[in-house]
Amino acid sequence: MFWGDSRLYLGARGSFGPSSVNSGWMALEAWAFRELEKGTPVDDILKAVLEGHRSVGALAVAAAIALEAQRTSAITLPIATNQRLWHWDIRRQVQDMTQTANLIGFIKPQDIPHGLAVKEGNERPVRRADIRSLATLMVLRGGELGAQAAAAIRGFSGDLPFDYAEQRKSAEVRSDLARTAEIWAELGKPENYRAELSPDESKVVISHENPKATGEDIQTIQARHSEMGRYLTLLNWAYSYFDDGMLKESLTLEAAARAAKELDFEDLFATGHEHTELAHHRQSAVAGVAAILLLEKAEAHLEWAGEVCARAAQTPEVPQPFFTRSVKLMHHPVLYATKGMGALFAVADDDEDVKPLQFFLSELCAHPYEEIAIAAFGALLGAWPRYPDIAWAAMRLATELALFEVQYGPEGGAEERHYERIQRVVTEELQRLQDGAPVAGPLPTWPEPWVLVTDGEAVQARRRRGRTVDAEWRVNPVHVDTSFLEKVLQVIPIEGSLADQAHAALLLDWCEGLAKWTIERIAPDWARSRRDLDDTYGPDYFEWRSHLYRFLARVSLKLPVEEGTRRFLQPAMATNDETFASLGEWFTGHLIAQVMDSPEIPQNALQLLSVVAQRVLAYGDWRHAGHGGHSEQDFVDIVKHLFFADLGYAGGAVRFANRNWAEVGAVIPIFEPILRAHGAVTFVARAWMNLCESSFEHYPVQHFVDNLEHLLVGEGTPPGWRNTQLPGRLSGLIQRFSERQQPMPLAMAQKLLRALDRLVDMGDRRAAAVQLSEVFRSVRVTR
C-alpha cells in the first residue's frame with residue numbers, strides 16, 4: 001500500500017512537495033540509474049527502491065527504472081498495470097516534455113554540480129515515455145505474465161481510479177474516468193494489435209487499432225486538438241518572440257504569415273471571448289503574427305498586418321467574475337495588436353497617418369488591463385526620436401495618471417473609482433488631440449510627500465504596541481502611483497529620449513524629482529528615526545526602490561559621471577545608511593551587470609561604482625561590524641557587488657559571470673579602499689576571498705600578498721571569524737597563490753609566512769600544514 005496523490009508522485013521530478021523530500025527522491029533515482037548502468041539486476045534495484053517505503057514517490061522512481069530497462073517481471077507487473085499510475089505518469093510525461101521548473105534556484109557556484117545533475121536527469125530518453133508502453137510490451141510478449149497484464153488492463157472499467165472520495169459522487173468525473181477506462185481496456189486485448197513490415201522491410205512495426213476510440217466524443221476531441229495545435233504553433237512562436245525579441249526557428253515569417261492569413265476573416269475580432277476558449281486563442285494567434293510582421297518590417301505583409309492590428313485592438317472584453325486589472329496576460333489580441341501598432345511610427349509617411357495612430361494608442365492607455373495600457377505607453381514612447389512631441393505627450397499622460405488624490409469614500413468600490421479617474425484623464429488627453437492643442441513643455445511636478453499638520457488639525461499617529469502620539473507631519477493626500485510608474489519606467493527608451501534635445505533636460509529633471517520624492521517619502525529630513533513616521537503600517541516601497549534605481553542606473557550610464565552622480569547618487573548618499581543601502585543595492589546591481597555583459601567594460605560604470613565605494617566607506621556601523629555585529633543585508637549586498645563576489649554562473653556573459661576573469665584587474669581599484677580600511681570585517685573578507693577563488697588564474701599575486709595584512713589586523717582571531725571557514729579558506733588561497741608564483745621572491749614568501757603564522761595562532765590546522773610544505777621550508781621570517 002502506497003500513500004499520496006499525483007503531486008507527490010511528481011516529487012521525484014522536483015515538483016511540489018518539500019524540497020528536502022524531493023531532493024531525496026531525486027538522489028534515490030540517480031543512484032538507481034547508476035546501479036542499472038553498472039549491470040545490477042533490475043528486480044534487485046526495484047526491491048531496494050520500494051522496500052520499506054509507503055510514499056508514491058518511490059513508485060515514481062520504480063516506474064522510471066522499469067521503463068528505462070523495459071523490464072517485464074512479476075515485480076513490474078503491478079506498477080505497469082495500475083490504472084491510477086497511468087493517469088499520473090501521463091501527467092508526468094507531459095510535464096517532462098518542457099521541464100525547466102526543477103532547474104530553478106541553482107545560482108551559487110557550489111550549486112552548479114547539482115544543477116547539472118538535474119539537467120542530466122531531465123534529458124534521459126525515458127522522460128518522453130510513459131508507463132503504458134511497458135504494459136503493452138507485457139501483453140505483446142505473451143506468456144503467463146502477458147496474460148496477467150492483459151486481464152488487469154481489461155478490468156480497468158471495474159475499478160475506476162478516483163483520487164478523492166468526493167469524486168465518486170461527481171457524475172462528470174465518473175463519466176470521464178469510465179470512458180477513458182473503456183478505451184484503455186482495449187490495450188489488454190491481443191487481437192487489437194497488428195504487425196507489419198516497415199516500408200524498407202528492416203523492422204516490424206506493431207500498431208494498435210482501438211475499436212472503442214471512435215464516436216462523436218472522440219471526433220470532437222480530435223477536432224479540438226487539431227484546431228488547438230494550429231493555434232498553439234503560432235502562439236508559442238509569437239510568445240517566444242515577445243519574450244526575448246528573437247524569431248524562433250520553428251517558423252519563418254512567410255510561413256507564419258501564410259498560416260495566420262488562413263485563420264483570419266473579416267469579423268474575427270468582432271466578439272470577445274473567455275481567455276480559455278479556442279476562439280480567443282485564434283484571435284491572439286492572428287494578432288500576434290500580424291504584430292511581429294510589423295515589428296520585423298515584412299514589407300510584403302505590412303498592409304495586411306496593419307489592418308489586422310487595427311481590428312484586433314478593438315476586440316471587446318468579456319466581463320470576468322474575478323477581474324484584476326494588474327493580471328499578467330499570457331496571450332491577448334489587443335496586447336499583441338498594441339505592440340505591433342507601435343512599429344507603424346517607423347513606417348508612417350506623414351502626419352496624417354501619425355495623428356490617428358497617436359489617438360488610437362492614447363485611447364488604449366485607459367484599457368481595463370494594465371499590461372495593455374503599459375504596452376500602449378510603450379508604443380507611444382517608442383515614437384522617440386522620430387516624433388518627439390508624441391512621446392513627450394505620452395510622458396505627460398503617464399505622469400498625470402500617476403498623480404492622484406486619496407479620497408476616502410464608502411466601503412468598497414475603490415478599484416472602480418480608480419479606473420474612472422484613469423478614463424477621465426485619458427478622455428481629457430483625447431480631447432486635446434482632437435482640438436489640436438500643443439502639449440505643455442514641463443511635466444507635472446511631483447508633490448511633497450509630507451505636509452505639516454496645521455493648527456486646526458488634530459492628528460494622532462499610530463505607533464507600535466498600540467501607542468499613539470501627536471504628529472507634526474502627515475502623508476500628503478496627493479499620492480504617486482509607484483506600482484504604475486515602475487511599469488512605465490521599463491518602456492521608456494532611454495537612448496532615444498536623451499537624444500531629444502528639446503526634452504532631454506526636462507526628462508532628467510523629472511527623473512531627479514522622482515528620486516528626491518522617493519527618498520523624502522521613505523526617509524524625510526525631519527524624521528530622527530522611523531519612530532517619527534506616521535505610516536509604520538504603510539507601504540515600504542520595496543518594489544519601487546528596485547525599479548527606480550535600476551532605471552536611474554541605466555540613465556546614469558548615458559550621462560557624464562558627474563551629472564549622474566549629482567542628480568541620482570548624491571541625494572541617495574546624503575541620506576541615512578539604511579535608506580542609502582536599500583537604493584544603492586539596485587543601482588550597483590545594474591552597474592556590475594553592465595560590466596559583465598558589455599563588449600567593452602564601460603568606464604563610466606567603474607567610475608560610478610567608485611563613487612558608491614566612497615559612500616560605503618562612510619558607513620556609520622563599520623565599528624559595530626568590525627566587532628562581529630550584524631549589518632543591514634542591503635549594505636552587505638552592495639559590498640558584494642563592489643567586490644564582484646557571488647556572481648553565480650551565466651554562460652552568456654562577456655566576462656566574470658562566464659568564468660572569464662582575464663580583466664579582473666580593471667575592477668580592483670573599486671573595492672581596494674574598502675579592503676584596506678575594513679578587510680577584517682567578516683563580510684568584506686568573505687567577499688574578497690570569493691573573488692580571489694573565482695578569479696584565481698588571473699588575480700594579481702602581488703596584490704593578494706600585499707593585502708593579506710588588512711585581513712589579519714590586531715591580535716587573535718578577528719571578531720566574526722570564529723566558527724566560520726574563513727581561516728581555512730585563506731590558508732587554502734595562500735597555498736594556491738604560493739604554488740602559482742614560482743620562484744617566489746623572498747619578501748613575498750615572508751609576507752605569506754607571517755600570514756600563516758597568524759592563522760596557526762587562530763587554530764587553523766591547514767595553515768600549519770602549508771607552513772611545512774616545500775614552498776616555505778627554506779623561508780625564514782625575521783622578528
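Contact here means heavy atoms within 4.5 Å. The structure is a predicted model.

**Ala-305 and its surroundings**

By that criterion, and leaving aside neighbours within four places in sequence, Ala-305 is in contact with Ala-290, Leu-293 and Leu-294. Ala-305 itself is found in helix H14, which covers residues 302-312. Its relative accessibility is 0%, so Ala-305 counts as buried, the limit being under 20%. Gly-340 lies 35 residues from Ala-305 in sequence, and the two are 8.5 Å apart in space, C-alpha to C-alpha.

**Nonpolar cores**

The largest nonpolar core has 181 residues, and within it Trp-510 and Phe-704 touch the most other members. Helix H13 (residues 278-295) supplies the largest share of this core, with 10 residues. There is also a second, separate core of 47 residues, whose members include Ala-32, Val-42, Ile-45 and Leu-137.

Which residues are in contact with Phe-704, leaving aside its neighbours within four places in sequence? They are Trp-688, Cys-692, Tyr-699, Leu-730, Leu-733, Ile-734, Phe-737 and Leu-752.

| Helix pair | Axes come within | Crossing angle |
|---|---|---|
| H33 (residues 726-740) and H34 (residues 746-761) | 10 Å | roughly 160° |
| H8 (residues 132-141) and H9 (residues 143-154) | 7 Å | roughly 130° |

The crossing of H33 and H34 is left-handed. On the H33 side the contact is made by Pro-727, Leu-730, Ser-731, Ile-734 and Ser-738, and on the H34 side by Leu-752, Ala-755, Leu-756 and Leu-759. By class, this contact of H33 with H34 has 7 nonpolar residues, 2 polar residues and no charged residues. Leu-730, Ile-734 and Leu-752, which take part in the contact between H33 and H34, are also among the residues in contact with Phe-704.

For the other pair, the axes cross at roughly 130°, which makes H8 oblique to H9. H8 passes H9 in a left-handed crossing. H8 contributes Ala-135, Met-138, Val-139 and Arg-141 to the contact, while H9 contributes Gly-143, Gly-146, Ala-149, Ala-150 and Ile-153. The residues of the contact of H8 with H9 divide into 6 nonpolar, 2 polar and 1 charged.

Is Glu-35 buried or exposed? Its relative accessibility is 14%, so Glu-35 counts as buried, being under the 20% limit. Not counting residues up to four places away in sequence, Glu-35 touches Thr-40 and Ile-45. Of these, Ile-45 is one of the members of the second core.

Val-21 has a relative accessibility of 41% and therefore counts as partly exposed, a class that runs between the 20% and 50% limits. The C-alpha atoms of Val-21 and Gly-11 are separated by 7.7 Å, and the two residues are 10 residues apart along the chain.

Conventions
Residues numbered from 1 in each chain as written. Predicted model: local features only at pLDDT ≥ 70, side-chain atom pairs only at ≥ 80, totals over all residues. Heavy atoms only, no water. Core = buried A, V, L, I, M, F, W, Y, C linked by side-chain atoms within 4.5 Å. Buried < 20%, exposed > 50% of the residue type's maximum accessible area, 1.4 Å probe, protein only. Helix = DSSP H or I, 4+ residues; strand = E, 2+ residues; numbered from the N terminus. Axes fitted to C-alpha atoms, helices over the stretch in contact; angles between N-to-C directions. Left-handed = near helix turned anticlockwise from the far one by under 90°. Nonpolar A, V, L, I, M, F, W, Y, C, P; charged D, E, K, R; others polar. Parallel < 35°, antiparallel > 145°, perpendicular 65-115°, else oblique.
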